[in-house]
Amino acid sequence: MADQETGAPAGSRLTDDELREFLAGAWICRMGTLAEDGAPCVTPVWYDYDGAGYVIIGRERAEWLDHIRHDPRVALCIDDPDGSHRRVLVQGRAEIVEGPSVRGAWLPVAQRMAERYMGGPDGVKYMERTLHYPRVSVRVTPDKTTTWRGAWARKYTK
């Protein structure tokens, strides 16, 4: 059985080109962090992928930022809920690289994300309306990345 979109074997990893193309989409990333008591927490976030890692921008009082300050280990899950079963799973470390600030190097990244997730004009309007909120820029550097497409892996169907 082959992946309907790419023709690649179902139940296989994404190629590097497929990974970059997939991650350019407006998928919601679910980010797992660890609270101070060790409890897992999952937060939906927007992301920007630059080929080496992920940038996530949050409001300064976001609870997940406190989790990262306490323990930088994170997990990301980015998947296509529309039936292609493409997914990217990341285990890595998060680092706060900037902020909180209302203007900074994070601004062009946030504008790109707003345009990608909300559409050009709507994204620009959203950014203009929310620029007074201080934001923090976080970089997630992957330690392990697992990608997948299509059906079940053979190891599960034997």
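Predicted model: local features only at pLDDT ≥ 70, side-chain atom pairs only at ≥ 80, totals over all residues.
**Salt bridges and a helix pair**

The partner of R20 is D17, with which R20 forms a salt bridge whose closest N and O atoms lie 2.4 Å apart. D17 is exposed, because its relative accessible area of 54% is over the 50% that marks this class. Both residues belong to helix α1, which covers residues 16–23, and since they stand three residues apart in that helix, about one helical turn separates them.

Side chains of opposite charge can pair when their charged atoms come close. A search of the whole structure finds nine salt bridges, and the one between R20 and D17 has already been described. Another joins the side chains of R139 and D50, with 2.9 Å from N to O. This pair links distant parts of the chain, as R139 sits in strand β7 (residues 135–148), while D50 sits in the loop between β3 (48–49) and β4 (54–59), 89 residues apart. R139 has a relative accessibility of 22% and so counts as partly exposed, and D50 is likewise partly exposed, with a relative accessible area of 45%.

A further salt bridge brings together the side chains of D71 and R73, at 2.7 Å from N to O. Here D71 counts as buried, because its relative accessibility of 14% is under the 20% limit, whereas R73, at 42%, counts as partly exposed. Salt bridges also link D48, R112 and R116 in a network.

Two packed helices are described by the angle between their axes and the distance between the axes. Helix α3 (residues 106–118) packs with helix α4 (residues 120–130) at an angle of about 135 degrees, and their axes are 7 Å apart. An angle between 115 and 145 degrees is neither roughly perpendicular nor roughly antiparallel, and α3 and α4 are therefore oblique to each other. Their crossing is right-handed.

Which residues of α3 and α4 meet? On the α3 side they are W106, L107, A110, Q111, A114, E115 and M118, and on the α4 side they are G120, D122, G123, V124, Y126 and M127. Sorted by class, this contact of α3 with α4 has eight nonpolar, three polar and two charged residues.

Methods:
Residues numbered from 1 in each chain as written. Heavy atoms only, no water. Axes fitted to C-alpha atoms, helices over the stretch in contact; angles between N-to-C directions. Helix = DSSP H or I, 4+ residues; strand = E, 2+ residues; numbered from the N terminus. Parallel < 35°, antiparallel > 145°, perpendicular 65-115°, else oblique. Left-handed = near helix turned anticlockwise from the far one by under 90°. Contact = heavy atoms within 4.5 Å. Nonpolar A, V, L, I, M, F, W, Y, C, P; charged D, E, K, R; others polar. Salt bridge = Lys/Arg side-chain N within 4 Å of Asp/Glu carboxyl O. Buried < 20%, exposed > 50% of the residue type's maximum accessible area, 1.4 Å probe, protein only.
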